[in-house]
Amino acid sequence: MTLIDLANPTRFLALTARVLPWLAAATIILLTIGLYQAALAPDDYQQGATVKIMFIHVPNAWLSMFVWGVMSIASLGTLVWRHPLADVAAKAAAPIGAAFTFLALLTGSLWGRPMWGTYWEWDARLTSVLILFLMYLGLMALWRAVDDPSRAARAAAVLTLVGAINLPIIKFSVDWWNTLHQPASVIRMGGSALDKSFLIPLLVMAVAFTLLFVTLHLAAMRNEILRRRVRSLQMMQASRMAFSSDMAAGSREDNASKEAGAA
Amino acid sequence: MTALAALIRRDIRIALRVGGGALIGVLFFLTVVVLMPFAVGPDLALLSRLGPAILWLGALLASLLTLDRLFMADHEDGSLDLITMSRTPLELACAAKALAHWLAAGLPLIVATPVLGLLLNLDMIATAAVALTLLAGTPALTFTGMIGAALAVTLHRGGLLMAVLVLPLSIPVLIFGVAASQAVIVGPMTFGAPFSILCALSLVSLVIGPFAAAASLRHGLD
């Protein structure tokens, strides 16, 4: 089974129908384990219980960038390989990514209130993630503004690839500008700075959220394919109805059929 | 080369003549800046502190306003199809069009800056700093905005959608443009660091803008 085999939407639907229940189950199990471990994790000596926001915040923030990465690859698929499912993947991912980004911003500001004393700070990391959120919304607006999906797909693909420039800026903003947001502590040179009691639940949560994204993404892609089928069926039906009424009118009166055709 | 020069000359001439709308951008810039004292109150000390930000916001909005016409007019009269089919690479043609647009619509904004600086109670050095940052930063606005203009023309949607797509991309330019001007007026920071990042942003958008715009024109027009 290669990527090209999945180009057939029917085969894709059949495969995902088999995979989705397992993915959903794995997501639920891992989320339960992760949340349980996060609840059991010790309080931080400085931050107290608020440190537990991190177990939600960090996976959301990771995924906000990961989803744009997925969309960028899908956009390459649209522009370069013309893979028929690539634009479906890109379109389905955008609202999910926007949701993850919003949750990352929301949990971050809830954590920032007791810790930094402010809900919002115009710090480099926060600002660049906010830009990412705005770009998700702009992309969704672009998808909705055009009724022809393939036309919208190519425009959205160009915009997605341009927006991908923002990803390294977000990742390295905390290293380039020494600001309020703490620098990278999980993945960095010389090993993680986190204690094991925090690191393991965090990694479990990260995997669980990634699985959650894959599950939601595949389900959204299925919905999008079905939505397009419904749309083309409706258009076929509409044209058939127009055609048959055209024929009926044409048998009765020639002039009326011309008018109907013009209308 | 002559084709590109001809394209630049033609675009500038169209933009400056009746119906071109390049100078409307300057008028819009003036209006936005004049509106600000009504919003924040005519406190001269406050205005001189907010001055660079007001000038930058005005320039950003004014350049966004005129970007709409970058491809739309050519698309309407069919010359965009000729440009797309010509032997000159589309990327170069896009770059030439953006350059012409910047010369016709961006430079007048910078020329108008000293006058507007007077209205905002900016001193000589601050005005010069803002004008210099605008000179370095507005090419980035034009070249990233061109991507939005190209998307808008292929989708037959302009205006609001283009603003939504382009404005997030212009945030870094705004940040460093204002930071560099503020560094001269108040800040403990040096002028050099944000100004060089601003120049880098312009250079990067100079490279990416034409390619992205050409890609979206190529894939989008039919």
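In which helix of chain B does Gln182(B) lie? Gln182(B) sits in helix H8 of chain B, where helices (H or I, at least four residues) and strands (E, at least two) are DSSP runs numbered from the N terminus. Before we go on, note that this is a predicted model, in which local features need pLDDT of at least 70, side-chain atom pairs count only at pLDDT 80 or more, and totals for chains, interfaces and linings use all residues. Residues are numbered from 1 along each chain as its sequence is written, while chains are lettered from A and ligands numbered from 1 in the order in which they are written.

Gln182(B) is buried because 21 other C-beta atoms lie within 10 Å; the cut-offs, with C-beta atoms placed from the backbone, are 20 or more within 10 Å for buried, 12 or fewer for exposed, and partly exposed in between.

Let's turn to helix H3 of chain B. H3 covers residues 44-67, and its 24 residues reach 32 Å from first C-alpha to last, close to the 34 Å expected at 1.5 Å a residue (1.5 Å times one less than the number of residues). H3(B) has a kink of about 55° at Leu50(B), shortly before the proline Pro52(B); the bend is the angle between axes fitted to the seven residues ending there and the seven starting there.
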